[in-house]
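Please read them with the structure open.

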Number of protein chains: 2
Amino acid sequence: MSNRILQDFSADTTPVQRGGAPLRFGVNYTPTRGWFHHWLDFDIDQVSRDLDSIAELGADHIRAFALWPVFQPNRSLIRPQALADLAAVVDAAAERGLDVSVDGLQGHLSSFDYVPAWAQTWHQQNLFTSELVIEGQSAYLEAIAATLAGRPNFLGMSIGNEFSQFASPLHPNRSELTVAQADTWISTMLAACAAGAPGLEHHHSEYDMCWFGGEHSFTPALAARRGHSTTIHSWIFNGTSKLYGGMSEQSLRLAEYLIELGRGWSTDPNRPIWLQEIGAPAPHVSAEDAPAFLEGSLKYALDTENLWGVTWWSSHDVDTALADFPSLEYSLGLIGNDRTVKPQGHAFAKVAAEVRTAPAPARRSTALVLEVGDETLAPGRATCEPGGAFFEAWMSLAMDGARPSVILASQAGDASFLAARGITTVLTTREVSAGSAI
Amino acid sequence: MSNRILQDFSADTTPVQRGGAPLRFGVNYTPTRGWFHHWLDFDIDQVSRDLDSIAELGADHIRAFALWPVFQPNRSLIRPQALADLAAVVDAAAERGLDVSVDGLQGHLSSFDYVPAWAQTWHQQNLFTSELVIEGQSAYLEAIAATLAGRPNFLGMSIGNEFSQFASPLHPNRSELTVAQADTWISTMLAACAAGAPGLEHHHSEYDMCWFGGEHSFTPALAARRGHSTTIHSWIFNGTSKLYGGMSEQSLRLAEYLIELGRGWSTDPNRPIWLQEIGAPAPHVSAEDAPAFLEGSLKYALDTENLWGVTWWSSHDVDTALADFPSLEYSLGLIGNDRTVKPQGHAFAKVAAEVRTAPAPARRSTALVLEVGDETLAPGRATCEPGGAFFEAWMSLAMDGARPSVILASQAGDASFLAARGITTVLTTREVSAGSAI
C-alpha cells in the first residue's frame, strides 16, 4: 500500500496562481499599553508607536479588536467616541501602509470574556438566540462597519474573535443553540457587517471546537461555507504539543492540517482560507525555538492552495503588570512590550520579505477521505483532533511527503468535484494506516 | 387584647436626640448623560450641572457609584484616570456643599450586573470566596477609599450596591457561599475600605433578600451588625404594592418597617440606620401620587430612632434613549433627565427644609417579638416579607398607632436590653393577631 500511496504523490505539481493577489502577511494587534483595555484610556500616540513597530516588520495588515462592553455598554448606546477611536486606529494604520480587519464582538480574548450587562444574567442570557441580543449585536457590527466603510485600508469585519466559545460545551455559562440557530446567527451577523460595509470581506472566526467537538453547534460546514473565507486558528496547545512535542512535525504542520481540513469542508474549490491566528506559545515552544517554529510552521502553511493570508498572533507581548492571563499569553508577541523586536519578530520579517515573491504552491492531488457521519452536524469530528484517527492518518501522509488535502466522504465519489479540486488520488484512513503498517 | 395594646402605646414618648448630629438628607446620584456609563465618556461639566440641580433641592449629600469593570478592567489595573474622575465628582460635589458616600463594587445597578472579566466564566467564578477575586476587590476598594480619604466631604464607602444579589438564590449565575463566608467577605471588604480611609463611615448595603430570604447567606444579623450603620433599601415593588396598593398604609410604612426591622436585629441600641434607598416606582405609584408617596413615606421613616439619614433614589430620570431598563427605572428621578425639577423633587425639597429643624422622634416603647429560628441563619425570616405573619402583625400595630419597634426572640426576655432600648411593652405576633381579631 505504501508504494501505491507514494507513487501518486507526484501526480500533479503544476503551480497555481493565488488569483493574482499577493498573499497577505500580518499580525494580530495587541496594544502594549493596557492591552485591549486601552480603549478605556485611548492614546493614539501609543497606538501609533505600536503600529510603527508592526510596520517595521514588513507586515501588510493588522487584525484589530474592539471590546464589546466598552463600545456598546447599553444596547442602544454604541459610543461615538469608541467608534472614533477605532477609526483613529485604522487611519493610523493607513499612514503606515497597514490594512485593517476588525473583529467586533469581543467577546472572547486570551481567556477573558467580555459581555455587556444588557446581554447577561438578569437580562437576555443567550448570546445567539435572544432577539434583543441579536438586534443589539447587529446594530453594533453595522455601526462599526459603517464607520470604517469609506476607508481604503479597511478590509472588513470578523463577527468576533472565537465568539462561538460562548456556545462551547465547556463554557461555564454556556449559551445553548442548535446548528440551524448557529447558521442563522452567523448569517444575520454577516448581513449586519455587509449592511455597514457592502462588498468587503466579512468573516466569522472559529476555533478548535468547531473542527473537533462533535457536540458544538458551530460546525466545520458553517466554518467553511459562511463568510468571505474560512478562518483558521492554529494553536498547538490544543493537545498537539502535548501528544507529539512542541517542535514535532505534527506541531509544525498543525496550521497546514487545519487549512486543509477547512478546504476539505468547503463546497467551493476556490474559496479563500485565512490563517487568522497562529502563534508560538511557551512553554510548548521555548523562546529559543520560537523563530524556528515560526519559519517551520509557515513553510508548511504557505504550501496550501487558496490561502488568502497569514496573521500571526501577536504583534506585541502582553504587559506583565497585567494579572491573570494564562502564562503563555504574555510572551506571544513578535515584538516585546517595550517595542523591541524579538527573535521571532526577525523571523517573521524574513518570511514576510520572502513570501512576496514566492510562487504559488502546486495543487494537492492527493486527498484523504473524512468520515464524520451526518456532514451538517459532524458528530464524528473528534476523529480530526490531535491523536484522532483522521489526524494521525493525515499527518502520516504529510510526513511521507504526500502533501495531502481533505475530501468529505460525500464528495469522494464526485468526479467533477475531484477534478475541480485537482484531486487524482483518494485515500481512506484505513488505507493509510494499513499502508503505514507495511 | 386590643385595649391592652392600645393602652401601652403612650408609655414613653420622651423625645430623644439624634446624638447631636442633624439628620442627613440626600439623593442617589444618577448621571443624566449616559447613566453610569458616563465613566466611559466622563464629562465633569455635565456632572457639575447635574450636581447643581441636586444642590438646588436642598440635599446635603449624594451617594455615588463606580462601575467596577470600568475602574478595574484587569485585577492589577485600577485605572488612575477612573479614580481621578471619581475624585473630580467628589470635588465638584464639595463645591456645591454636598458630601459624598461612594459605592465601589458595581456590581449591580438597576437590574444590570457589571463584573470584570477576570472574575467571571473561565476565571474565578465565585465573587465572595475566590481568593484572587477577594484580593482584587480589596485592592480596588482600598484604592478608591485612599484616593478620596483626604477630602473633607467624603463620608466613606459602601462595599457595593446590593452586591449580595450575586449570592441570591434567584440569581441566574449565583455565587454560592455560607453565612460564615458572607461574614468573612463583608469584614474583609470593610477592612479594605478602612485601610484606605481610616475612621470614616463604611457600609455594606443589603436588599430585601437579606431580610426576607431564608436561604440567603447575607443575613439580617450581618446587615445589622457589620459596618458603620445598617443600610435599608425600601422598594414597594417587593410585593408590598401588589398586595396592598402603592399608596396603601403598608406601602407608605414599608421604609419605617424595614428601619425598625433593621433596628431589631442590631445588638447595639444606638447603632445608626441609614435609609440608603427609597423611591416612588411607577406604575406602583403614579406620577401624580409620587409627591404624596414621598411625603407620606418620609413622615413615617423619619419617626424612627437612630436614623442617620435618608438618600432618595434617585436624583435624575434615566435617559429614555437607553434601552432595556425595567420601565420603572426611567422615572424614579426627583429631577427630569433635562434637569427640570419634577413634582416629587419639589416635595423632596420641602421635606429637606423641614427636616433640618424637626425634633428627634420619641422613643418607641412597644416591640413586636420576631421569631425566625436560629438567629445567625434566620431560616424563618420569610415571616417578615410583605404578606408574612410578622409583617402583617407589625403593620397592624403601626396602623393602630402603636409605633412598634422589633425585638428578637432571644432578647425579648433581657430586661437590661429592653431598658436600653426603652421598650416597655413586648408583644408577640400571636397576641397581635388575637387582638386584631377582637
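1. Four salt bridges are found across the interface of chain B and chain A. The model is predicted. One salt bridge joins the side chains of A:Arg75 and B:Asp324, with an N to O distance of 2.7 Å. Polar contacts across the interface of chain B and chain A amount to 16 residue pairs, with both residues at pLDDT 80 or more.

2. On the side of chain B that touches chain A, the elements giving two or more residues are helix 3 (68-71) and strand 5 (112-113) of chain B. By class, that side of chain B has 17 nonpolar, 13 polar and five charged residues.

3. The extent of the interface can be given in residues or in area. Chain B puts 35 residues into the contact, and chain A puts in 35 residues. Between them, chain B and chain A bury about 3100 Å², with 56% of it on carbon and sulfur atoms.

4. Helix 2 of chain B covers residues 44-55. Its 12 residues should span 16 Å at 1.5 Å a residue, and the end C-alpha atoms are 16 Å apart, so the two values agree. At the start of helix 2 of chain B, the backbone nitrogen of B:Asp45 has a side-chain oxygen of B:Asp43 within 3.0 Å.

5. Which residues of helix 2 of chain B are buried? They are B:Val47, B:Ser48, B:Asp50, B:Leu51, B:Ser53 and B:Ile54. The buried residues of this helix pack against strand 1 (24-28), strand 2 (61-65) and helix 4 (80-95) of chain B.

6. Helix 12 of chain A (residues 290-301) is largely enclosed by the rest of the structure, because nine of its 12 residues are buried. Among the buried residues are A:Phe293, A:Leu294, A:Leu298 and A:Tyr300. The packing partners of the buried residues of helix 12 of chain A include helix 11 (254-265), strand 8 (273-278), strand 9 (307-313) and helix 13 (343-355) of chain A.

7. A:Arg253 sits in the loop between helix 10 and helix 11 of chain A. Is A:Arg253 buried or exposed? With a relative accessible area of 9%, A:Arg253 is buried. Leaving out residues up to four places away in sequence, A:Arg253 touches A:Tyr300, A:Trp394, A:Met395, A:Ala398 and A:Met399. A polar atom of the A:Arg253 side chain lies 3.3 Å from the backbone oxygen of A:Ala398. A:Tyr300, one of the residues that A:Arg253 touches, is also among the buried residues of helix 12 of chain A.

How values were computed
Residues are numbered from 1 along each chain as its sequence is written. Chains are lettered from A and ligands numbered from 1 in the order in which they are written. This is a predicted model: local features need pLDDT of at least 70, side-chain atom pairs count only at pLDDT 80 or more; totals for chains, interfaces and linings use all residues. Side-chain values use heavy atoms; hydrogens and water are left out. Contact means heavy atoms within 4.5 Å. Buried area is the accessible area (1.4 Å probe) that two parts lose on being put together, summed over both. A polar contact is a pair of N or O atoms within 3.5 Å; within protein, one must be able to donate a hydrogen and the other to accept it, and residues adjacent in sequence count only if both atoms are side-chain atoms. Helices (H or I, at least four residues) and strands (E, at least two) are DSSP runs, numbered from the N terminus. Ala, Val, Leu, Ile, Met, Phe, Trp, Tyr, Cys and Pro count as nonpolar, Asp, Glu, Lys and Arg as charged, and the others, Gly among them, as polar. The expected span of a helix is 1.5 Å times one less than its number of residues. Buried means under 20% relative accessible area, exposed over 50%, partly exposed in between (1.4 Å probe, protein chains only).
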